[in-house]
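Please read the report below alongside the sequence and the 3D view. It goes through selected local features in turn.

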Amino acid sequence: MQWYFVAALLTVLTSSQGILTTLSQSNGEYKYDYATVPFLAEIFKLAVSSLLLWRECKKSPLPKMTTEWKTVALFPIPSVIYLIHNNVQFATLTYVDTSTYQIMGNLKIVTTGLLFRMFLGRRLSNLQWMAIVLLAVGTTTSQVRGCGETSCESLFSAPIQGYMFGVLSACLSALAGIYTEFLMKKNNDSLYWQNMQLYTFGTLFNMARLIVDDFRGGFENGPWWQRIFNGYTITTWMVVLNLGSTGLLVSWLMKHADNIVKVYSTSMAMLLTMILSLFLFNFKPTLQLFLGIIICMMSLHMYFAPPNMLLEMPLTVKPEEEKLVEVSVDRRPHS
C-alpha cells in the first residue's frame, strides 16, 4: 500500500469527520454524550488492531513484539500529552473566540516542522521549509473572513494569555505527533502490536475522563456505562467508525511515512470540508477560501515534487571539441 493512497484516504475521512459530526446534531445540539465518541473509537481501534495482530501471528515467521516494560511504559506518554493538550484548548477558548482559535491552530504546521527537525533529526530543504510556511499561510487565508466582519478585528484584540495558550496548544499537538512517530519507528515491532499498546492506554485515559465527568456532574444522569449509548443514531455510529478509522490510518502513516505527510493530509481535509460545505450547508464561498486553496496546492507541489520539476536548469553548452589538425610527417630518410 503506497503512502500517498493512505494520505488521500485520510484526507477524505478527516474532512467527512466534521460533516458527520454536524449531521449528528439534532436541532443544533447533541442528544448524546460527545465524550463517549472518542472512548468508543479507541475501543474500535483496539479491536481492529487485536484482530490484525492475531491474523499476523498465525503466519510464519512470527511478528516481532517487544514486551519489556521500559519500552511498553513509553506508550502512555502520547495519551498524557493529548490530555494536557485538551485542557490547554479549553483554556485558550476562554481568551479568544472560535475563529481566532482556528486560525491560531495553524501554528501546529510550523511547529511540527520544527520539532520534526529537532527531535527526529530529519533535514528539510529550503524549498520544503518554504512549502510548510506556505501551507500555514494558505490554511490561515482560507479561514480569515472579510475584514468588514467583527471576527477580523477580534484576531488582533485577544489578550496576551490567549496567544500564549495558542502557541502552547500548537506545540503540544505537534509534540504528540512527533513522539508517536518516534515510538512507531523506534524498533521493528509489528505495527498492530504497537497500536494495541497505544489504544489500550488511550481507552483507559478516555474511560478516566468519563469517570471524572461523572464526579463533576454529581452523577446527575447516572454512571457513564448506563448512558453510553443514549441518543446514538446511525450518524453517530458513523462518527465513531470514522474517527477510529482515521486513527488507524494516522498510525500507519507514522510507521511508514512521517508527520509532514499527516499535516498535509489534515490541512487538505480542512479545505475539502469547506468545499463540501458549499453544497451541504449552504456555506458561502469567499475570495479568501479560493486564495487559500491555490496557496495550499502550490505548497503541496513544492514539498513533494522532485527538485528537477521545480527548478528549470539552464542548458549547459558543451565546448566544441578541438579539431584535430592532420600533420603530415615525412618519414623518408634524409640524405
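## Helix H12 and its ends

After H12 comes Asn282, whose phi is positive, near 55°. This is a predicted model, in which local features need pLDDT of at least 70 and side-chain atom pairs count only at pLDDT 80 or more, while totals for chains, interfaces and linings use all residues. Residues are numbered from 1 along each chain as its sequence is written, and side-chain values use heavy atoms, with hydrogens and water left out.

Helix H12 covers residues 259-280, which is 22 residues. Helices here are DSSP runs of H or I with at least four residues, numbered from the N terminus. From its first C-alpha to its last, H12 reaches 31 Å, close to the 32 Å expected at 1.5 Å a residue; the expected span is 1.5 Å times one less than the number of residues. The N-terminal end of H12 is capped by Asp258, which places a side-chain oxygen 3.0 Å from the backbone nitrogen of Ile260.

## Salt bridges

Side chains of opposite charge can pair when their charged atoms come close. The whole structure holds 8 salt bridges, each being a side-chain nitrogen of Lys or Arg within 4 Å of a carboxyl oxygen of Asp or Glu. In one of them, Glu29 meets Lys31 at 3.0 Å, N to O. Glu29 is partly exposed at 42% relative accessible area, and Lys31 is partly exposed at 48%. Buried means under 20% relative accessible area, exposed over 50%, and partly exposed in between, with a 1.4 Å probe and protein chains only.

Glu181 and Arg122 also form a salt bridge, with their closest N and O atoms 3.9 Å apart. Glu181 belongs to helix H9 (residues 160-185) and Arg122 to the loop between helix H6 (107-120) and helix H7 (126-143), so this pair ties together parts 59 residues apart in sequence. Glu181 is buried, at 1%, whereas Arg122 is partly exposed, at 34%. A network of salt bridges links Arg122, Glu181, Lys185 and Asp258. Asp258 is also the residue that caps H12.

Another salt bridge joins the side chains of Arg227 and Asp214 at 2.2 Å, N to O. Arg227 sits in the loop between helix H10 (191-216) and helix H11 (234-256), and Asp214 in helix H10, so the pair connects parts 13 residues apart in sequence. Arg227 is buried at 13% relative accessibility, and Asp214 is buried at 3%.

## Aromatic pairs

A pair of aromatic rings is described by the distance of the centres and the angle of the planes. A search of the whole structure gives 17 aromatic pairs. The rings of Tyr30 and Tyr32 have centres 5.5 Å apart and planes at 65°, so they are edge-to-face. Rings of Phe, Tyr and Trp (its six-membered ring) pair if their centres lie within 6.5 Å; planes under 30 degrees apart count as stacked, over 60 as edge-to-face and the rest as tilted. Tyr30 is partly exposed at 36%, while Tyr32 is buried at 6%.

The rings of Tyr264 and Phe304 are likewise edge-to-face, with centres 5.2 Å apart and planes at 70°. This pair links distant parts of the chain, with Tyr264 in helix H12 and Phe304 in helix H13 (residues 287-304), 40 residues apart. Tyr264 is buried at 3%, and Phe304 is partly exposed at 31%. One aromatic cluster is formed by Tyr30, Tyr32, Tyr34, Phe229, Tyr232 and Trp237.

## Asn126

Asn126 is in helix H7 and is exposed, at 63% relative accessibility. Its C-alpha is 9.8 Å from that of Tyr303, although Asn126 and Tyr303 are 177 residues apart along the chain.

Methods: Helix = DSSP H or I, 4+ residues; strand = E, 2+ residues; numbered from the N terminus. Polar contact = N/O pair within 3.5 Å; in protein donor to acceptor, adjacent residues only side chain to side chain.
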